[in-house]
Amino acid sequence: MYQEVGNTLRAAIARGDYPIGDRLPPERDIAEHFDVSRSVVREALIMLELEHLIDVRKGSGVYVVALPQNVSSARVRNLDENTFGPFELLQARQLLESEVAAFAATQATKSDILKMRQAIEQERLALNAGCADESADEQFHCLLAQSTQNSVLAGMVEDAWRARKHNPLWAGLHGHTQDFSYRWDWLEDHQRILQAVLRRDARDAKQAMWQHLENVKAKLLEISNPDDPGFDGYLFDSTPGVLGGMAP
């Protein structure tokens, strides 16, 4: 969906509706005009930013800096109609991984628990060292999925992380991030998830994972929002509902 919004905005820039130097309408207005969520607008703006058509200035807005016909095709060669948005991926992960966490709470072995504890400790060491490396974060999520003892679920989670790492829009989103201190909050989220798994509490594990990915979405929306840093941007309710007829 973000491609449609981005393509329409690109066409408006090409027509001269927004000359070079002009500020695009606020994100909220664009969302209302297209009747889409602001996360979709955010993805569309990241797409245009990667094409070097606009410049996103924190606290100021989004400005046109080039016309489409003046942009080299090499700049957009890594974007196509199949490139999904980062918030689309987070939505999918939230639905998938909250159920995975619930199932893991009933299946995880002592060995699985030990491996997840080690991943959290590696994450803590990286943060203490001021390192932005996310490998321990990824490892925790993948180990949790592996602890379901279901290779299909584990593969789905691993595929989601692989897609995340190779997504140019995700890289563009993180390009606005200067301060990674918020990752301490995510570490605490991981600890809450693991504690629920230790208690064999499937409901709490599901809720903890759901809220963790809700926190991730909210933070990424906040740090990449040029118009309104206070916008919470929740895509779903904070409480997970029933998925596919399964009890939470």
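1. Let me start with Tyr182, which is buried at a relative accessible area of 5% (buried means under 20% relative accessible area, exposed over 50% and partly exposed in between, with a 1.4 Å probe and protein chains only). Trp186 also counts as buried, at 5% relative accessibility. A search of the whole structure finds one aromatic pair. The rings of Tyr182 and Trp186 have centres 4.8 Å apart and planes at 65°, so this pair is edge-to-face. For the terms: rings of Phe, Tyr and Trp (its six-membered ring) pair if their centres lie within 6.5 Å, with planes under 30 degrees apart counted as stacked, over 60 as edge-to-face and the rest as tilted.

2. A word on what you are looking at: this is a predicted model, in which local features need pLDDT of at least 70 and side-chain atom pairs count only at pLDDT 80 or more, while totals for chains, interfaces and linings use all residues. Residues are numbered from 1 along each chain as its sequence is written, and side-chain values use heavy atoms, with hydrogens and water left out.

3. Now the overall layout. The chain has ten helices and two strands (DSSP runs numbered from the N terminus, helices being H or I with at least four residues and strands E with at least two). From the N terminus on, the order is α-α-α-β-β-α-α-α-α-α-α-α. Of the 248 residues, 48% count as buried. Among contacts between residues at least 6 apart in sequence, 76% join residues at least 24 apart; contact here means heavy atoms within 4.5 Å.

4. How do helices H5 and H9 pack, and at what angle? H5 (residues 110-128) and H9 (residues 183-198) pack at about 165°, with axes 11 Å apart. Axes are lines fitted to C-alpha atoms, for helices over the stretch in contact, and angles run from 0 to 180 degrees between N-to-C directions. H5 and H9 are therefore roughly antiparallel (angles under 35 degrees count as roughly parallel, over 145 as roughly antiparallel, 65 to 115 as roughly perpendicular and the rest as oblique). Their crossing is left-handed, a term for the near helix being turned anticlockwise from the far one by less than a right angle, with right-handed for clockwise.

5. On the residues of that contact, the H5 side includes Ile113, Met116, Ile120 and Leu127, and the H9 side includes Trp184, Leu187, Leu194 and Val197. By class, the contact of H5 with H9 has nine nonpolar, three polar and four charged residues. In this scheme Ala, Val, Leu, Ile, Met, Phe, Trp, Tyr, Cys and Pro count as nonpolar, Asp, Glu, Lys and Arg as charged, and the others, Gly among them, as polar.

6. H2 (residues 27-34) and H3 (residues 38-50) pack at about 110°, with axes 9 Å apart. That makes H2 roughly perpendicular to H3. Glu27, Arg28, Ile30 and Ala31 in H2 meet Arg38, Val41, Arg42 and Leu45 in H3. The contact of H2 with H3 divides into four nonpolar, no polar and four charged residues.

7. The crossing of H4 and H6 is left-handed. Arg93, Glu97, Val100, Ala101 and Ala104 in H4 meet His141, Leu144 and Ala145 in H6, and the residues of this contact comprise five nonpolar, one polar and two charged.

8. Ser98 deserves a look while you are in H4 (residues 86-107), where it lies. Ser98 is buried, with a relative accessible area of 1%. Leaving aside neighbours within four places in sequence, Ser98 is in contact with Arg93, Lys206, Met209 and Trp210.

9. Please also check two backbone angles. Most residues other than glycine have a negative phi. His52, which is not a glycine, has a positive phi of about 65°. His52 lies in the loop between H3 and strand S1 (54-57) and is partly exposed, at 39% relative accessible area. Arg200 has a positive phi near 60°. Arg200 sits in the loop between H9 and H10 (202-224) and is partly exposed, at 46%.

10. Finally, Asp17 is found in the loop between H1 (2-15) and H2. Asp17 is partly exposed, with a relative accessible area of 41%. Apart from neighbours within four places in sequence, Asp17 is in contact with Ala12 and Asp22.
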